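Here are a few friendly notes to read alongside the model.

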Amino acid sequence: MTTARMPDAAVETGDEDFRLTEFEAEVAADGRIEPRDWMPDAYRATLVRQIAQHAHSEIIGMQPEANWITRAPSLRRKAILMAKVQDEAGHGLYLYGAAETLGVDRAELLDKLHAGRQRYSSIFNYPTLTWADVGAIGWLVDGAAITNQVPLCRCSYGPYARAMVRICKEESFHQRQGYELLYALAHGTQAQRAMAQDAVDRWWWPSLMMFGPPDDESAHSAQSMAWRIKRHSNDELRQRFVDICVPQAESLGLRLPDPELRWNEERGHWDFGAIDWTEFQQVLRGNGPCNEQRLAQRVTAHEEGAWVREAAAAYAAKHRDEQEVMAG
Ligand code: BYC
């Protein structure tokens, strides 16, 4: 959207009502809001909240899997895992970049994360106990991420939507590698099979929680859907994910740890058991199995990386000075 379509008088007087009407019409017509377009303050704040949380999830999400890089069982598996973990860092960069188009500074967002004032996904507060967890994360966590993020490619905010297109392509590769890894284990020795099943048992329910609280408790969904930031509710996406996973688990030869999973002919969906929302709330409050460890490791990595930021800033300043000398 550009203000080009606004009558000059409205642009000059900054007529709020007119701008709001234009904004709402653009969103309703499935148009894209771009950084220089006018937008309501609450829309901007919602995007900053969601994109920052998403970016933080990507970089904190590097930790559980990076834990296994040095112990990958073969060179091939190590190379794949390193590529995947590096991809997550890249996703963080695209997303911090998208957040910056909304007028916030990434250093400020990182400070908020480190101070516990901005969230990251609950899922990354669980430990990776065995090699099979790398497979379960790829299959279930990346699978849930894709289910949630494909609709975000149609988000009303242009820079976020465009970042999501590339992220989703990479997430598809991540999901495939996890599925293939689990398939190999599930068709390996008895011990490997047991390891794969144990990983699925531990990651299944936290993966369902990734979609956020149930619709009737989701504070932001209604407004975010009206603004076409979110295209589907948390429960809709969770159901979609369950429907995708049930046949995939069957192909893997692994069991999903839910005795209440049943095909519901009438609904045309799989019914599933109750989620332990108390556990979810505990993780959000900082009391998950790895919350402290994840944040502490993030802060250490940030502090240890200070010299890289300083060197990059010094290089940029030197380059700028040289260009000024040449120009002037
Ligand atoms: N964890 O009103 P609601 C990935 C919070 S994948 C923590 O429904 P909204 C990756 C929520 O922030 C993971 N907090 O919120 C994959 C809100 O709190 P505040 C990241 C959660 O925003 C593999 C409150 O609960 N993906 O990155 O409408 C490897 C009420 O919720 C969670 C994204 O971030 C949660 N699971 O909907 C590496 C996708 N769920 O802010 C990396 C983009 C909810 O009021 N984000 N909360 O204090 C979204 O799609 C939406 O933000 C959500 C939540 C569906 C997550």
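1. The ligand is surrounded by 31 residues (a residue counts if one of its heavy atoms lies within 4 Å). Closest are Gln53, Ser218, His220, Lys230 and Asn234. Do keep in mind that this is a predicted model, where local features need pLDDT of at least 70, side-chain atom pairs count only at pLDDT 80 or more, and totals for chains, interfaces and linings use all residues. Residues are numbered from 1 along each chain as its sequence is written, and side-chain values use heavy atoms, with hydrogens and water left out.

2. Lys230 places a polar side-chain atom 2.7 Å from a ligand oxygen. A ligand nitrogen lies 3.2 Å from a polar backbone atom of Met210, and a ligand nitrogen is 3.5 Å from a side-chain N or O atom of Gln50. The protein covers 91% of the 1000 Å² of accessible area that the ligand has on its own (Shrake-Rupley method, 1.4 Å probe).

3. Next, helix 5 (residues 75-100) and helix 6 (residues 106-114): their axes come within 9 Å and cross at roughly 115°. Axes here are lines fitted to C-alpha atoms over the stretch in contact, with angles from 0 to 180 degrees between N-to-C directions; helices are DSSP runs (H or I, at least four residues), numbered from the N terminus. The two helices are therefore roughly perpendicular (65 to 115 degrees).

4. In that pair, Leu93, Tyr96, Gly97, Ala99 and Glu100 of helix 5 meet Arg106, Leu109 and Leu110 of helix 6 (heavy atoms within 4.5 Å). The residues of this contact divide into 5 nonpolar, 1 polar and 2 charged, with Gly counted as polar.

5. Finally, helix 13 (residues 291-304) and helix 14 (residues 306-327) have axes that come within 4 Å and cross at roughly 40°. That makes helix 13 oblique to helix 14. His302, Glu303 and Glu304 of helix 13 meet Ala306, Trp307 and Arg309 of helix 14, a contact with 2 nonpolar, 1 polar and 3 charged residues.

How values were computed. Angles under 35 degrees count as roughly parallel, over 145 as roughly antiparallel, 65 to 115 as roughly perpendicular and the rest as oblique. A polar contact is a pair of N or O atoms within 3.5 Å; within protein, one must be able to donate a hydrogen and the other to accept it, and residues adjacent in sequence count only if both atoms are side-chain atoms.
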